[in-house]
Amino acid sequence: MGAMTRGYDAPIPILRSFDAEHARAFYFDFLGFELVFEHRFEPDMPLYMGIARGACVLHLSEHYGDATPGSAVRIPVDDVHAFVAELNAKGHGHARPGKPRSMPWGMDEIALTDPAGNRLIFYTERDDETEQ
């Protein structure tokens, strides 16, 4: 009693990154994210940056111990089929998404791996009446 209740906002995943140039090419040029901020304690120190596309916010860190390479994040999108078509049209040199898969749990999804080995699973809930 008397304790304040507070709602929760969406979490912001921190993903490990090793190479700023490759991360920028993948997240900005290929996936269409935008830079929110970047920070280094000194010019030769690891980079920490915030990126966003729509309501999806991620942080990428080169700092040892901030995150584990190979993590996975599920990201909802309005239309995963349109999103994948947009990505395939770009002809990115290191990623060819192919087609989204229709999963038995009622979602169409595509998994992409970033340059640090993190898996980004983009998905759209499927209307089972119009399963693709």
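Here's a walk through this predicted model, starting with a sheet and ending in the core.

Let's begin with the sheet. Four strands make it up, it is open, and their order is S1-S4-S3-S2. Strands of a sheet pair through backbone hydrogen bonds, and they can do so parallel or antiparallel. Here the pairing is mixed. At the edges sit strand S1 (14-16) and strand S2 (34-39), each with pairing on one side only. Going from one strand to the next, the twist averages 25°.

Now zoom in on one pair. S2 and S3 run antiparallel to each other, with five bridges between them. If you want a spot to look at, find Phe37, which stands opposite Gly50 in S3. Then look for H1: this helix packs on the sheet and touches S1, S2, S3 and S4. The direction of H1 makes about 15° with that of S3.

H1 also leads us to the core. The largest nonpolar core counts 26 residues, and H1 (20-30) gives the largest share of them, six residues. Other elements that put in two or more residues are strands S3 (48-53), S4 (56-61), S5 (72-76), S7 (107-113) and S8 (119-125), along with helix H2 (80-90).

Which residues have the most contacts inside this core? They are Tyr27, Leu31, Leu58, Leu120 and Phe122. Leaving aside residues up to four places away in sequence, Leu31 touches Phe26, Arg53, Phe83, Leu87, Lys90, Leu112, Leu120 and Phe122.

Notes
Residues numbered from 1 in each chain as written. Predicted model: local features only at pLDDT ≥ 70, side-chain atom pairs only at ≥ 80, totals over all residues. Heavy atoms only, no water. Core = buried A, V, L, I, M, F, W, Y, C linked by side-chain atoms within 4.5 Å. Buried < 20%, exposed > 50% of the residue type's maximum accessible area, 1.4 Å probe, protein only. Contact = heavy atoms within 4.5 Å. Pairing = 2+ DSSP bridges. Axes fitted to C-alpha atoms, helices over the stretch in contact; angles between N-to-C directions.
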